[in-house]
Number of protein chains: 2
Amino acid sequence: MSVENDGEKPTNNLVGALLVDLYQLTMTYAHWKTGKHEESSVFELFFRRNPFGGEFTVFCGLDECLKHIQSFSFSDDDIAYLKTTPSLMDCEESFFDYLRHLDTSGLTVWAMQEGTLAFPREPLIVVEGPLGLGQLLETSLLNLVNFPSLIATNASRMVLRANPAPCIEFGLRRAQGPDGACSASKYSYVGGFAATSNVKAGKLFGIPVAGTHAHSFCQSFISLEEVRELILFNKRAHNSQRLLPSVLEYRDALPTITGENFQTNDGELASFIAYACAFPNATLCLVDTYSTLGSGLPNFAAVAMALDDFGYRPKGVRLDSGDLAGLSMKCAEYFRRIQLATGREAFRDLAIVASNDINEEVLHHLTKQPHKITTFGIGTNLVTCQAQPALGCVYKLVEWEGHPRIKISQDLPKVTIPGRKRVFRIYGQDDRPILDIMLLAEEGIPIIGRRLVCRDPFNAQDRFCVTPKRVVALHSAVYENGLVSLHPDILTSRTFVKTQLQSMLPSVIRYANPDAYDVKVSTSLFHFLHDLWEKEAPMEERR
Amino acid sequence: MSVENDGEKPTNNLVGALLVDLYQLTMTYAHWKTGKHEESSVFELFFRRNPFGGEFTVFCGLDECLKHIQSFSFSDDDIAYLKTTPSLMDCEESFFDYLRHLDTSGLTVWAMQEGTLAFPREPLIVVEGPLGLGQLLETSLLNLVNFPSLIATNASRMVLRANPAPCIEFGLRRAQGPDGACSASKYSYVGGFAATSNVKAGKLFGIPVAGTHAHSFCQSFISLEEVRELILFNKRAHNSQRLLPSVLEYRDALPTITGENFQTNDGELASFIAYACAFPNATLCLVDTYSTLGSGLPNFAAVAMALDDFGYRPKGVRLDSGDLAGLSMKCAEYFRRIQLATGREAFRDLAIVASNDINEEVLHHLTKQPHKITTFGIGTNLVTCQAQPALGCVYKLVEWEGHPRIKISQDLPKVTIPGRKRVFRIYGQDDRPILDIMLLAEEGIPIIGRRLVCRDPFNAQDRFCVTPKRVVALHSAVYENGLVSLHPDILTSRTFVKTQLQSMLPSVIRYANPDAYDVKVSTSLFHFLHDLWEKEAPMEERR
């Protein structure tokens with residue numbers, strides 16, 4: 001990684017030092033009062049469970065975290081606000097001086113690469129530095145990792161199910177705010193989506209944008225009079241001509257060609273003609289405003305034949321209601337009949353885009369039945385992650401002044417694994433990853449060809465050996481001395497996700513009953529965890 | 001409403017003319033090519049179903065919509081981007097000139113007041129103006145209404161269930177991005193929450209902020225040595241003294257006082273002492289880092305007794321895991337025993353804050369069983385609206401050049417009610433709202449004391465009469481000639497929500513099986529809808 005220091009600001013103007021839970025500030029004050037704020041600390045950011053009932057998570061959000069860390073500072077205005085906050089107004093003046101002069105150049109941050117397939121309890125980000133500062137970053141880092149990772153995971157799962165049909169993100173209108181939308185566009189692209197409808201995200205992140213027209217466009221035309229005079233350059237005749245006469249001729253001829261007789265809606269037909277004259281190379285029509293099979297489909301076919309005569313390649317139709325698989329079959333059959341009857345090659349590979357409440361489950365079932373859908377448009381369920389709208393990353397102190405720290409809980413899954421750790425991905429015979437193992441930082445690294453004992457952190461009897469064929473260290477230093485290592489590039493991250501999914505065991509990434517991917521610990525870490533646990537947990541007196 | 005024109009920008013920097021689905025731009029181009037972009041149009045923004053299985057929705061987001069509409073324009077940079085977008089790069093140059101010079105001063109916008117209880121199919125916002133511009137606003141207005149309304153509704157429902165215990169929003173870390181978090185803080189406050197943990201939102205919107213400390217704070221202390229020298233001003237003795245000796249004395253005495261003997265965690269106790277010395281007037285301790293009853297509770301009690309001796313009022317405890325109702329009972333009983341044994345009044349009304357995966361259903365059930373929780377802290381389930389993470393508002397063309405427009409669909413709920421409409425809330429005998437009725441704009445308004453026929457829009461036989469005791473028009477002009485009527489004030493909106501919920505029939509707002517609130521149409525509107533529907537729908541040929 002090359003190093004650059006461009007001081008880029010976070011994409012969202014709401015991100016800054018003040019984007020914290022109040023308790024980060026109250027805790028920092030208490031640490032400051034106790035003289036602990038400069039003590040060395042190590043915090044780890046990790047999740048405890050994969051989302052969506054799956055067995056993997058795509059780690060994302062690092063880019064914005066790094067921009068945030070690098071630009072982290074309290075403005076005078078922020079300080080003035082804090083001083084008036086009832087909870088902080090009694091704090092000593094010099095505490096506010098401390099905040100005012102805080103900067104992050106003393107922090108070192110390690111992280112997994114953006115787009116890494118990650119698993120429960122593995123540190124995604126490790127923050128090492130003064131306790132006060134480390135504490136102040138908790139909430140914002142969690143916010144900046146949770147949703148991006150959730151979206152990228154959701155998107156990658158949908159792409160796996162829809163494969164080989166591409167998926168396009170249509171969720172801006174239903175997203176949780178403007179940033180929810182733009183994050184969704186960005187990280188669903190990283191997760192494997194092909195494009196977004198969100199123009200702002202297209203501009204910000206260089207993502208392909210896609211889209212044609214809505215129902216309201218069809219409704220905005222009322223009669224064919226409105227498009228009577230529209231002309232289009234005829235590439236075969238080399239002159240401009242009105243499109244309408246040719247379209248009407250084909251609409252009249254369609255019942256004979258297809259054997260189906262419908263009274264199609266004139267306003268809808270007018271809207272298709274208007275769209276075709278504006279975008280003759282990209283005429284993809286939404287066909288369900290009035291009746292998919294009874295109006296939209298024949299109207300599109302009439303326009304498509306006229307476009308074909310004019311030397312343009314019509315693109316296809318979009319279905320947005322009803323039984324998508326069944327309708328796609330009927331559309332394809334309709335196109336095939338026209339192709340057979342007229343010999344028009346343009347009708348051989350028309351796109352059939354399907355949208356309307358698609359989610360991973362729908363994709364899973366839909367792609368198991370006969371259908372002719374060529375592209376999926378996915379909105380709400382993708383961008384709000386309806387199946388599980390939050391990822392539960394946490395940020396825990398694992399070391400303080402060289403001492404390992406543990407969080408004990410009555411809920412076993414909430415117990416943290418103490419100490420500064422490193423994670424390695426172990427590859428087996430066929431160069432597939434077979435497990436990840438966490439070691440204490442001082443343990444060194446697993447050696448290729450040398451037998452390694454792997455243990456479950458909480459189940460003493462669950463242990464086995466492997467002999468690694470290849471070992472990849474998942475962490476690298478991404479921020480040091482105020483400098484950010486290369487910001488992740490969106491295309492690199494997208495390719496990285498794809499490559500990892502291809503090499504992952506299919507049983508781990510499948511939809512139904514996936515196998516858990518092993519995350520183990522070394523024998524040293526196992527004993528270290530349990531010794532500390534026993535030391536810290538209060539001994540209950542049963543009576 | 002007074003009029004002001006402060007030209008405020010939207011809170012979020014991502015909001016702007018480019019925050020659109022691409023198809024808004026392709027449609028606008030097709031309209032522009034057809035010469036239709038300046039034709040008059042009326043769009044309505046509404047939802048089809050109340051969220052969360054409930055029967056009401058709190059309309060929010062108007063404030064940001066108005067800021068967006070007023071500041072709407074394409075920058076040169078935006079235009080340069082659009083020209084390079086593959087889908088638009090073939091558009092004529094003068095189309096981009098049209099975009100560059102677009103402004104919204106020709107629009108008139110009507111809307112319900114921010115915080116209005118709204119019901120399915122009622123126009124929340126009505127946009128009247130040139131077709132091109134009206135179309136371009138679709139996605140951003142939907143984005144800016146959907147999530148705020150969803151959050152305000154979710155929050156108001158939780159407040160209804162938790163009543164009389166206040167609710168505090170703790171969701172920043174799990175929200176869908178920084179803006180998802182700040183919107184959640186703002187609109188949950190409108191919905192009735194008492195405070196947020198999000199300091200940025202506190203500053204931006206003037207919301208009270210709340211919070212104390214996290215588990216990591218307890219973990220960051222390892223021994224009592226760290227707090228041995230901490231001093232606190234003793235308000236009774238009028239001098240500064242070390243707090244530790246007094247705390248240790250009480251920790252030793254607690255088994256005798258309470259009859260329960262525990263070996264509590266020293267690091268945790270040290271952290272509580274540090275917190276108490278920093279915030280002696282606001283010492284509320286998180287008690288489940290090691291063991292709620294075995295360590296956190298006695299440690300807090302020891303600190304609280306010492307604080308009481310020093311003349312400070314300890315605040316209470318926070319529970320963040322386990323059986324919250326049961327633990328709250330045990331905490332209260334523990335405090336009561338101390339109060340009885342020592343006569344300390346400070347132990348009479350200690351706060352017991354409960355957090356950890358609380359949602360509306362949990363609140364509903366929890367508040368039906370014995371508990372002593374005084375405040376609820378709610379995060380993930382509130383801010384991501386886990387029970388239903390998206391509201392499905394839509395934006396439909398209902399009139400074009402004076403002609404009513406309809407969207408027909410094979411799904412009945414997707415059929416739109418055509419024409420420019422006004423909505424009135426009809427109040428009955430006891431001044432409770434009894435139904436809302438939609439009339440065509442030209443029909444005039446319902447008259448107090450005059451019999452009014454109300455019809456279901458889709459079921460001809462569902463009709464009845466009412467004689468209004470009071471009539472409230474739900475729409476007012478909020479944007480005209482480039483001027484915004486008074487921006488909604490967050491406190492006014494919050495009070496408005498509360499007042500409406502108090503006057504609404506309890507059966508409509510209850511948790512289990514709520515009654516639907518009636519939204520009816522006038523006889524004229526009923527016939528108008530069905531005449532147009534029959535005219536526009538294609539007649540199918542059955543064979």
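A:Asn143 counts as buried because 31 C-beta neighbours lie inside 10 Å. A residue is buried if 20 or more other C-beta atoms lie within 10 Å of its own, exposed if 12 or fewer, and partly exposed in between, with C-beta atoms placed from the backbone. The place of A:Asn143 is in helix 6 of chain A. Helices (H or I, at least four residues) and strands (E, at least two) are DSSP runs, numbered from the N terminus.

This is a predicted model: local features need pLDDT of at least 70, side-chain atom pairs count only at pLDDT 80 or more, and totals for chains, interfaces and linings use all residues. Residues are numbered from 1 along each chain as its sequence is written, while chains are lettered from A and ligands numbered from 1 in the order in which they are written.

What does A:Asn143 contact, leaving aside its neighbours within four places in sequence? The partners are A:Leu19 and, from chain B, B:Leu172, B:Arg173, B:Ala175, B:Pro178 and B:Ala181. Two residues are in contact if their C-beta atoms, placed from the backbone, lie within 7 Å. A:Ile426 is 283 residues from A:Asn143 along the chain, and their C-alpha atoms are separated by 30 Å.

Now take chain A as a whole. Chain A has 18 helices and 24 strands. Its C-alpha atoms fill a box of roughly 85 × 60 × 55 Å, taken along the principal axes. Of its 543 residues, 55% count as buried. Among contacts in chain A with a separation of 6 or more, 73% join residues 24 or more positions apart. The domain assignment gives domain 1 (3-155 + 388-536) and domain 2 (211-378). Such bounds come from an automatic or database assignment. The centres of the two domains, taken over C-alpha atoms, are 50 Å apart.

Helix 2 of chain A (residues 62-71) is mostly covered, with nine of its 10 residues buried. Among them are A:Leu62, A:Cys65 and A:Ile69. The cover includes helix 6 (138-162), strand 4 (108-111) and strand 22 (476-480) of chain A.

Helix 3 and helix 4 of chain A pack at about 150 degrees, with their axes 10 Å apart. That makes helix 3 of chain A roughly antiparallel to helix 4 of chain A. Axes are lines fitted to C-alpha atoms, for helices over the stretch in contact, and angles run from 0 to 180 degrees between N-to-C directions. Angles under 35 degrees count as roughly parallel, over 145 as roughly antiparallel, 65 to 115 as roughly perpendicular and the rest as oblique. A:Ile79, A:Leu82 and A:Lys83 in helix 3 meet A:Phe96, A:Leu99 and A:Arg100 in helix 4. A:Met89 is found in the loop between these helices. Is A:Met89 buried or exposed? A:Met89 is exposed, with 9 other C-beta atoms within 10 Å.

Helix 12 (residues 292-309) and helix 13 (residues 324-342) of chain A pack at about 40 degrees, with axes 11 Å apart. That makes helix 12 of chain A oblique to helix 13 of chain A.
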